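Student: I have a model open and want to go through it with you. Can we start once it is on screen?

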Amino acid sequence: MAPAEWADRQTLWNAVEQAEKAKDSRLARQLIVALPTELTMQDWQAMLHQFVLEECVAKGMCADFAIHDTDGHNPHAHIMLTVRPLKENGAWGAKCRKAYDLDENGQRIPDERGGWKNHREDTTDWNDKGNVEIWRAAWAAYTNRALEAAGQPALVDHRSYKRQGIDKIPSAHLGP
């Protein structure tokens with residue numbers, strides 16, 4: 001459970017920064033999700049809150065999101081997620097751990113410096129590239145449930161046109 005004071009985003013991100021020792025540490029990952037123009041700001045907030053709680057916070061991440069609506073032309077949200085896991089006691093956990101390389105007999109392999117050959121392993125699966133597909137599919141499901149609840153016939157699909165079997169050239173995203 002995150003400390004109550006982290007409900008303030010400045011306090012949260014200051015705590016994230018203080019947990020790191022290296023000056024070039026990765027502090028967060030960002031998801032950017034499209035918001036359907038057929039829904040209201042209240043719908044967007046509810047949908048985002050549920051998505052963040054169930055898909056991110058439930059897995060041990062701390063999350064923060066901000067909604068951007070460019071005059072109704074490109075509504076989207078930025079979801080910032082911590083990289084370092086949160087332990088049950090509210091303290092930051094390790095991002096990775098040292099794992100020793102083993103030979104065919106399961107014994108540690110000595111290195112040339114008198115130590116043991118080793119490598120780093122992530123303590124979570126959050127950096128797995130497969131999560132992108134999982135998060136995209138989950139976001140599409142949350143969006144479609146919200147659209148259905150609002151009586152909107154529109155549906156979204158997280159897959160590319162090609163993967164959907166649609167012979168159409170996708171349009172380029174136009175920024176501000």
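Student: Is Lys59 buried, partly exposed or exposed?
Tutor: Lys59 counts as partly exposed, at 45% relative accessibility. Buried means under 20% relative accessible area, exposed over 50%, and partly exposed in between (1.4 Å probe, protein chains only).

Student: What should I know about the model first?
Tutor: This is a predicted model, where local features need pLDDT of at least 70, side-chain atom pairs count only at pLDDT 80 or more, and totals for chains, interfaces and linings use all residues. Residues are numbered from 1 along each chain as its sequence is written, and side-chain values use heavy atoms, with hydrogens and water left out.

Student: What is the average pLDDT of the chain?
Tutor: The average is 88, and 97% of the residues score at least 70. pLDDT is the predictor's confidence in each residue, from 0 to 100.

Student: Where is confidence lowest, and where highest?
Tutor: Helix α4 (residues 161-164) is lowest, with a mean of 80. The highest is α2, at 95. Helices (H or I, at least four residues) and strands (E, at least two) are DSSP runs, numbered from the N terminus.

Student: Back to Lys59. Which side chain does it meet in a salt bridge?
Tutor: Glu55, at 3.9 Å, N to O. A salt bridge here is a side-chain nitrogen of Lys or Arg within 4 Å of a carboxyl oxygen of Asp or Glu. Glu55 counts as buried, at 16% relative accessibility.

Student: How many salt bridges does that rule give?
Tutor: The count is 8. One of them pairs Arg9 with Asp64, at 2.6 Å, N to O. That pair links distant parts of the chain: Arg9 sits in helix α1 (residues 9-18) and Asp64 in strand β2 (residues 63-68), 55 residues apart.

Student: What about Arg113? Which residue is its partner?
Tutor: Glu112, with the closest N and O atoms 3.6 Å apart. Arg113 is exposed at 67% relative accessibility, and Glu112 is exposed at 68%. Elsewhere, salt bridges that share partners join Glu20, Arg84 and Lys95 into one network.

Student: Which residues does Asp122 contact?
Tutor: Leaving aside neighbours within four places in sequence, Asp122 is in contact with Lys95, Cys96, Arg97 and Asn127. Contact means heavy atoms within 4.5 Å. Asp122 lies in strand β5 and is partly exposed, at 40% relative accessibility.

Student: New topic. Which residues touch the most other members of the largest nonpolar core?
Tutor: Leu35, Met47, Leu48, Phe51, Ile79 and Trp139, out of 21 residues in that core. β1 (28-34), α2 (41-55), β3 (76-82) and α3 (130-149) each supply at least two of its residues. The largest share, 6 residues, comes from α3. A nonpolar core is a set of buried Ala, Val, Leu, Ile, Met, Phe, Trp, Tyr and Cys residues joined through side-chain atoms within 4.5 Å.

Student: What does Phe51 touch?
Tutor: Not counting residues up to four places away in sequence, Phe51 touches Leu31, Cys56, Ile79, Trp135, Ala138, Trp139 and Tyr142. There is also a second, separate core of 9 residues, which includes Trp6, Leu12, Ala15 and Val16.
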